[in-house]
Amino acid sequence: MTGDPNSNGLWAVSAAETFSAPALTDDISVDLAIIGGGFTGTAAALAAAKAGARVCLLEANRIGHGGSGRNVGLVNAGLWLPPDTITAQLGPETGERLSTLLATAPDLVFDLIAEHAIACEPVRSGTLHCAHAPSGLRDLQNRHAQLTARGAPVSLLGDTETASRTGTDAFGGALFDPRAGTIQPLAYNRGLARAAQTAGALIHEATPVQRIAPDGEGWTLSAPGWTIRAGAMIMATNAYHQPFRGAETPPHLLVHFFQAATAPGLAEQVVPGGEGLWDTAPVMTSLRTDAAGRVILGAMGALDHPGGGLHRGWAERKLARLFPHLKGTPFQQVWFGRIAMTPAHLPEIQRLGPNGLAVHGYSGRGIGPGTLFGTRLAEVSLGADPSRLPVAPIAPYRLKAPGLRSTIFETGATALHAVSARF
Ligand SMILES: Cc1cc2nc3c(=O)[nH]c(=O)nc-3n(C[C@H](O)[C@H](O)[C@H](O)COP(=O)(O)OP(=O)(O)OC[C@H]3O[C@@H](n4cnc5c(N)ncnc54)[C@H](O)[C@@H]3O)c2cc1C
């Protein structure tokens with residue numbers, strides 16, 4: 001059990017994919033330089049290498065160090081926000097286009113997994129968004145109406161079917177989305193890196209970018225001791241941005257989310273169909289199993305904050321409440337990560353200068369979106385029509401008091417975990 005902010009928890013223990021790459025040890029010149037080795041950066045590197053470009057990816061730590069190596073592994077067909085809200089925020093044309101594109105993102109992810117034989121426990125059994133209360137059921141009915149109006153093959157399940165699909169009677173209904181699924185996220189991230197490297201991408205771990213500067217139509221990047229000249233650049237550092245000169249820290253709030261995993265072999269009566277699950281509560285709970293039969297529970301909260309112990313205690317009580325036969329089951333791994341939330345809860349692409357793009361703020365939904373945005377950013381960086389981008393680039397801006405707002409989220413989650421699920 002660890003509150004170590006560098007831990008990938010279970011995913012480091014169970015990943016069938018391994019990946020390592022040396023630090024940069026030379027000056028290089030490339031068509032495209034990518035900063036950050038999460039889903040976004042590795043998907044971009046793969047797309048660029050497949051297109052025949054000379055591309056390098058610079059990762060400060062290891063591939064999967066950030067959100068991509070820590071998340072729940074739910075491959076969703078959209079964002080956190082329902083599609084009407086996306087359209088209200090972005091306008092009919094861009095909003096509907098983004099929702100349509102993201103509906104296909106699970107296909108992109110599962111196709112890449114199959115094409116590159118990525119050993120990441122892919123399960124395409126759908127997801128269950130479960131009602132924690134009558135208000136949650138109304139939210140699901142509303143989402144169902146919005147999604148079916150757009151042709152999505154989602155269905156609303158009553159309480160009896162929800163109980164048999166989840167293995168618990170804690171929920172009053174569920175929205176089932178068969179387009180979605182689950183993966184072992186760190187293994188998927190490493191598999192994308194391996195595929196990119198095999199296709200010719202230069203990948204360097206332990207290579208923090210320390211400075212970027214426009215250089216004619218392209219960019220010069222500095223990493224310890226070495227210089228990278230690039231015709232185009234993508235910054236994909238997101239919630240794990242390590243500051244460097246020449247670019248602002250991406251403007252988002254950081255929300256923490258932790259997970260706790262049991263020993264293998266305990267999942268028989270837990271979500272027996274293998275769907276990934278989360279609920280409608282304001283401080284939501286996630287639940288899934290893995291290939292070894294572990295039960296993995298998650299919720300908002302940081303484990304290295306003073307309330308870390310409260311979050312762990314909550315997870316033990318919640319597991320017992322959902323599945324009484326698992327009462328007293330210890331967790332073998334506990335880990336957490338940072339989620340980047342933009343003010344509108346929508347991902348943003350920023351134009352950094354000539355042939356320089358940054359993307360951030362998937363706001364809790366980065367597997368499908370990160371893979372899609374990374375792929376499209378690479379295409380446009382290498383000369384495709386900018387209309388290929390899922391959203392139009394905007395100018396960089398600063399957010400007021402992001403640290404204070406993140407603290408408010410953490411305090412709310414801690415307070416709720418201190419008082420909830422006590423029975
Ligand atoms: C606990 C948790 C649960 C989540 N659950 C889900 C889920 O179930 N489904 C879903 O779709 N999404 C989920 N998300 C969101 C998703 O994980 C993220 O949106 C996604 O991983 C972001 O990918 P990325 O490549 O943009 O960024 P990251 O994966 O964060 O990668 C950024 C990388 O940039 C590197 N970097 C930073 N600064 C530098 C520098 N100066 N030089 C070089 N490299 C640098 C970092 O080391 C890091 O590896 C979850 C997130 C968390 C934290």
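How do the residues of the shell around the ligand divide into nonpolar, polar and charged? There are 16 nonpolar, 22 polar and four charged residues in that shell. Here Ala, Val, Leu, Ile, Met, Phe, Trp, Tyr, Cys and Pro count as nonpolar, Asp, Glu, Lys and Arg as charged, and the others, Gly among them, as polar. Before we go on, please keep in mind that this is a predicted model, in which local features need pLDDT of at least 70 and side-chain atom pairs count only at pLDDT 80 or more, while totals for chains, interfaces and linings use all residues. Residues are numbered from 1 along each chain as its sequence is written.

Let us stay with the ligand for a moment. Of the 42 residues around the ligand, the ones that come nearest are G36, G38, G66, G337 and G366; a residue is near a molecule if its C-beta atom, placed from the backbone, lies within 6 Å of it. Two or more residues of the shell come from each of α2 (39-50), β16 (333-341) and α10. These names follow DSSP runs, with helices (H or I, at least four residues) and strands (E, at least two) numbered from the N terminus.

In α2, 11 of the 12 residues are buried, so the helix is largely enclosed by the rest of the structure. A residue is buried if 20 or more other C-beta atoms lie within 10 Å of its own, exposed if 12 or fewer, and partly exposed in between, with C-beta atoms placed from the backbone. Among the buried residues of α2 are F39, T40, L46 and A49. After α2 comes G52, with a positive phi near 90°.

Now turn to helix α8 (residues 185-198). It has 14 residues and reaches 20 Å from its first C-alpha to its last, close to the 20 Å expected at 1.5 Å a residue. Because 12 of the 14 residues of α8 are buried, this helix too is largely enclosed by the rest of the structure. The buried residues include P185, Y188, R190 and A196. What do the buried residues of α8 pack against? Their partners are α1 (10-14), α2, α5, β8 (202-204) and α10, where two residues are in contact if their C-beta atoms, placed from the backbone, lie within 7 Å. G200 follows α8 and has a positive phi, near 115°.

Two of those partners also meet each other. The axes of α5 (residues 105-115) and α10 (residues 367-381) come within 8 Å and cross at roughly 80°. Axes are lines fitted to C-alpha atoms, for helices over the stretch in contact, and angles run from 0 to 180 degrees between N-to-C directions. The two helices, α5 and α10, are therefore roughly perpendicular to each other, a label for angles of 65 to 115 degrees. On the α5 side the contact is made by A105, P106, L108, V109 and L112, and on the α10 side by I367, G368, P369, T371 and L372. Eight of the contact residues are nonpolar, two are polar and none is charged.

A few single residues complete the tour. L32 sits in strand β1 (residues 28-35) and counts as buried, with 28 C-beta neighbours inside 10 Å. Residues that L32 touches, beyond those up to four places away in sequence, include A48, A53, A230 and A378. L32 and A53 are 21 residues apart along the chain, and their C-alpha atoms are separated by 7.5 Å.

Leaving out residues up to four places away in sequence, D304 touches G3 and P5.

V271 has a phi of about 40° and lies in the loop between β12 (253-261) and β13 (276-279), where V271 is buried. N355 has a phi near 55°; its place is the loop between β17 (348-353) and β18 (356-360), and N355 counts as buried with 22 C-beta neighbours inside 10 Å.

How values were computed. Parallel < 35°, antiparallel > 145°, perpendicular 65-115°, else oblique. Expected span 1.5 Å × (residues − 1).
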